[in-house]
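This report sets out the features of a single protein model, section by section. Please read it alongside the sequence and the structure displayed below.

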Amino acid sequence: EFAASIMGISLLFQHLIIAADICISLSEHIDYFVFNRSLEEFEEKEFSYNVQGSTILASYPHFFASLILVLISVVLTTKSKYNNMIGSCANFISFLMVFMIVFVGAFYIDFDNWFKVEGGFFPYGYTSVFRGAIVIMSTYLGFVELPCVSDEALNPAVDVGRAAHSSFFFVLCIYIAVSTVVSLLVPYSHVQTNFAMANIFIEIGADWMKYCVEIGSIAALFSTAMCVLQAASRLAFSMGKDGVILPCFGLLQQKSKIPFNAVMWCGFVGAIVPLFFDSTYLIRLAETGYMLSCILANLGILVLRYSVRPIPPQPELTGNLGCKKCQPSSCVTKKSEERAKWCMGLCSVWVTGCMLSYNYGRQLMPWLGQYGCAYLSLMFLSLMVVQTFFLSLLPQNPKDCVYFTPWVPWLPMTSVYLTAWVIFQESPVFFWEAEALLLAIALLIYACYSFWHTDHRDPDDDEGEKEVLTIAPQNSYQSGAQRNTTAQPPGQPIANTTQTCKPILIRARARSRSS
């Protein structure tokens, strides 16, 4: 309950920060395309904060961005089919403009920008490629929104996985195509920071393409803001139902079946952010939150895979659900769960030691020298690999859904290591300061409200809970006539069956309120 509440509140604030930052970018593009940047000049001239040297506060309030965020929240209060229609139209326009950028840009490409211009294909070396990958990783935040709206999918176990895979592949192809065309149009040193794509086409003489670029940018940012704000409202709706935040957020509008309170609250709270905070600070804050969520999500996969959980009878499933170690006869036990916890804890220690010795070894332990710190970090990395190998030998829970994380525990631990490397390479001080701020807000909300009102820990439930014994055959995962699809009622003796294996007693807890 504590971990879920803290992470839920942190994710909610992270989504609101991302939505605010996207709306700031959207307002800048509209101002550039429609008003020729007159709105920005007006806001900066009339409402400037006169803040000198601050990296957190904005130099002037973004009123237009706040207005856009409120308007998007109003759009999201309509029926789902209208939201989907608007989002689909915006996506179609953005995809069409991307196709035009790649198609038109192909007529202006010059391979000398890769091979003959100073800097060429790697203007800052291979190290810059990895740092660029770190920045690109934060732009894949949209895939986090898919599970947040899984309640609205017809078949979440299948649809969410397919949507994630297909979207990831499609976006990856777009990234590669656009990056290839942009790097071949002009030398890398000519690319500007603001409105880069439009200025590139102006430089090569295709001025008319800047309108297509800006239309595509506005459509893409609008659909992304809708997606992020919708996911934030669904997070608030779920936490309102669980009692983590006020229960009014867990109410649905009777006519449209939309969480009206959650949507409008997210819109108005998110609209406050552009009025005071700098967009660059918001981007870095969102990146750090995403990195922490990535680490905790991978650790959560390991916890779920190696924790004890009952195996209910599932007569509607056919066939084998997994490998031999996923069968009920060799599932996770209390002893193996404790061993897995020790392995995961030690792996986290080895990862932290590897990062500290590699990045700060010479400052913390100057007597070791450069090579000593390198050998120490290599030792920690080897210990992590060995510990992960021991973790892979422990039994795991059965694979009872269509999309399951493959190569456990190697893939989650590799993701944890790479994300930790990103954190320590970029700005670890800023990371911990930002996460301390988010976690402090989450802890305050949990201590003042969630701890006393959550539905997952209600003193009244202890009196009304009772144990129910359900009898299921041990080989209930077999198919055909060998599976016994009936369960004995509680309190009745076990009936004679043709099965030779002894049954499993599955202990469930039933609440009086749900009964």
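## Packing of helix 1 and helix 12

Is the crossing of helix 1 and helix 12 left-handed or right-handed? In this predicted model, the crossing of helix 1 and helix 12 is left-handed. Helix 1 covers residues 2–33 and helix 12 covers residues 279–306; their axes come within 9 Å and cross at roughly 145°.

On the side of helix 1, the contact is made by Met7, Leu11, Gln14, Ile17, Ile18, Asp21 and Ile24. Their counterparts in helix 12 are Ser279, Leu282, Ile283, Leu285, Ala286, Gly289, Tyr290, Ser293 and Leu296. By residue class, the contact of helix 1 with helix 12 comprises 11 nonpolar residues, four polar ones and one charged.

Ile17 lies in helix 1 and has a relative accessible area of 9%, so it counts as buried. With neighbours within four places in sequence left aside, Ile17 is in contact with Leu282, Leu285, Ala286 and Leu438.

Leu437 belongs to helix 16, residues 428–453. The relative accessible area of Leu437 is 41%, which makes this residue partly exposed. From C-alpha to C-alpha, Leu437 and Ser10 are 9.9 Å apart in space, against a distance of 427 residues in sequence.

Ser66 is buried, at a relative accessible area of 8%. Beyond its neighbours within four places in sequence, Ser66 is in contact with Ala271, Pro274 and Leu275.

## Salt bridges

How many salt bridges does the count come to? The count comes to two. One of them joins Glu40 to Arg37, with the closest N and O atoms 3.2 Å apart. Both partners are partly exposed: Glu40 has a relative accessible area of 22%, and Arg37 has 31%.

Another salt bridge links Lys341 with Glu337, where the closest N and O atoms are 3.7 Å apart. Lys341 and Glu337 both belong to helix 13, residues 334–364, and stand four residues apart, about one turn of the helix. Lys341 is partly exposed, with a relative accessible area of 44%, whereas Glu337 is buried, at 10%.

## Backbone features in loops

The phi of Arg37 is near 65°, a positive value in a residue other than glycine. Arg37 lies in the loop between helix 1 and helix 2, the latter spanning 38–46.

The loop between helix 14 (369–392) and helix 15 (410–426) contains Pro409. The peptide bond from Val408 to Pro409 is cis, with omega near 10°. Trp407 lies in the loop between helix 14 and helix 15 as well. Trp407 is not a glycine, yet its phi is positive, at about 55°. With a relative accessible area of 65%, Trp407 is exposed.

## Overall composition

The secondary structure of the protein comes to 17 helices and two strands. Of its 515 residues, 39% are buried. Among contacts with a separation of 6 or more, 78% are between residues 24 or more positions apart.

## Confidence of the model

The mean pLDDT of the protein is 77, and 80% of the residues reach 70 or more. Where is confidence highest, and where is it lowest? Confidence is highest in helix 3 (residues 63–76), at a mean of 92, and lowest in strand 2 (residues 504–510), at a mean of 36.

Two stretches call for separate mention. Over residues 458–515 the pLDDT is below 50, and this stretch has 80 contacts in the model beyond near neighbours in sequence. Over residues 313–330 the pLDDT stays under 50, and the model has 30 contacts for these residues beyond four places in sequence.

How values were computed
Residues numbered from 1 in each chain as written. Predicted model: local features only at pLDDT ≥ 70, side-chain atom pairs only at ≥ 80, totals over all residues. Heavy atoms only, no water. pLDDT = per-residue confidence, 0-100. Contact = heavy atoms within 4.5 Å. Salt bridge = Lys/Arg side-chain N within 4 Å of Asp/Glu carboxyl O. Buried < 20%, exposed > 50% of the residue type's maximum accessible area, 1.4 Å probe, protein only. Axes fitted to C-alpha atoms, helices over the stretch in contact; angles between N-to-C directions. Left-handed = near helix turned anticlockwise from the far one by under 90°. Nonpolar A, V, L, I, M, F, W, Y, C, P; charged D, E, K, R; others polar.
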